[in-house]
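Work through the exercises below with the sequence and the model at hand. Each task is followed by a solution in steps.

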Amino acid sequence: MKGNWQFLILAFLLAATAWFFVSGRERVDAWVELPVEFTGVQKDIVIRRGLRNRVEVRVRGPQGLVRNLDTRNVAYSLDLNGIKPGMNTVNLDPSSLPLPGSIEVVEIDPPRFQVVADRVEEKVVAVKPQWRGELDDHYYLRGNETIPAVTKIRGPKEFVDRIDSIPTQAVDVETGAPTTVVEDKTPLALPDEITAVPDVVQVRLVFDVDKKDVEVNAPVRLENFSSYDAKVSPDHVDLTVRAPVPLLKEGSLDDKVSVNVVVSENLEPGKHELTYVPKLPPRTTVKVSEPKTVTVTLVPKSQQESAGTHNATRSDNTNASTE
């Protein structure tokens, strides 16, 4: 037995070789997944649905080759040059797969694509500003605009034809009493199938509040820049103001409204008819005022000093007096 060991090794090698050739040449089937590459789509055509990025391929070949098949660099190349608007049936051709010649493509799943295509359309449409927030009673949106006011959209004709305007994404507005003007740069709220140029716009919102007319007897306040003492007549003027309703609900405007008179430093002593500037709460305007001017009398300080009265270079309503 010990003298025949060489023959035993040779027999073992022959058996192993025979097993290798038999098993390696045995043909087997296997499913592999391959990516799909698309070519040939015309510029004015858009694919809306029906395509898949990967397909299942049933291959058949020698067991050794099938088991070692490297699919990392293999893809199914699909030519879509003939695609037209509407429904298209695209059959998958097994011969388009670049597999080794000894491997046969038995079937592809799915065997075809039902592709829906459309023609690309462009259109200029209006942009509509959107906002969100809860306003207090009496506050409301008075106006809005976007800059620019229009945008050019692009996408499948079926979608583009149905669009007359594109909304913006909502601008957040301060809750309660918003500021008069709110501005923000905001993207457009575009459907997935649509692109736009520009796709970001400036939104401008103008808010207002309900107002009511009221009568106010406003005190006159002097800003005296002259070197004289000043007296004003009358010391109150009658104003009809339009004020926000929420402000009027807080109470009278008597302590919130006044008029200012500026006495310039180059005025000479004597009487001067001067105009005044109302000082008003926010969002309040003057509709009627009476009188239109007031009389300011400048008196040399020496006259007051001789009378033992203290004078200030600049005075406000505390040294304003009625003639």
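**Exercise 1.** Find the residues that are linked with Asp29 in a network of salt bridges.

Solution. Apply the criterion: a side-chain nitrogen of Lys or Arg within 4 Å of a carboxyl oxygen of Asp or Glu. The network links Asp29, Arg58, Arg60 and Glu107. The structure holds 18 salt bridges. Two notes on the source apply: this is a predicted model, in which local features need pLDDT of at least 70, side-chain atom pairs count only at pLDDT 80 or more, and totals for chains, interfaces and linings use all residues. Residues are numbered from 1 along each chain as its sequence is written, and side-chain values use heavy atoms, with hydrogens and water left out.

**Exercise 2.** Locate the salt bridge between Glu158 and Arg48 and classify the accessibility of both residues.

Solution. Step one: the N to O distance is 2.3 Å. Step two: Glu158 belongs to helix H3 (residues 157-160) and Arg48 to strand S2 (residues 45-49), 110 residues apart. Helices (H or I, at least four residues) and strands (E, at least two) are DSSP runs, numbered from the N terminus. Step three: Glu158 is partly exposed because its relative accessibility is 39%, and Arg48 is partly exposed at 26%. The classes are buried under 20% relative accessible area, exposed over 50%, and partly exposed in between (1.4 Å probe, protein chains only).

**Exercise 3.** Which parts of the chain does the pair of Asp164 and Lys123 tie together?

Solution. The closest N and O atoms of this salt bridge are 3.8 Å apart. Asp164 lies in the loop between H3 and strand S11 (165-167), while Lys123 is in strand S7 (residues 112-128), so the bridge ties together parts that are 41 residues apart in sequence. Asp164 counts as exposed, at 62% relative accessibility; Lys123 counts as partly exposed, at 25%.

**Exercise 4.** Give the strand order of the open sheet of five strands and identify its edges.

Solution. The order is S21-S19-S16-S18-S22, and the pairing is mixed. S21 (277-279) and S22 (285-290) are the edge strands: each has a single partner strand, so one side of each lacks a neighbour in the sheet. The twist averages 35° from one strand to the next, using lines fitted to C-alpha atoms, for helices over the stretch in contact, with angles from 0 to 180 degrees between N-to-C directions. Strands S16 (residues 211-224) and S19 (residues 258-263) run parallel and are joined by five bridges; pairing requires at least two DSSP bridges between two strands. Leu222 has Val261 in S19 as its bridge partner.
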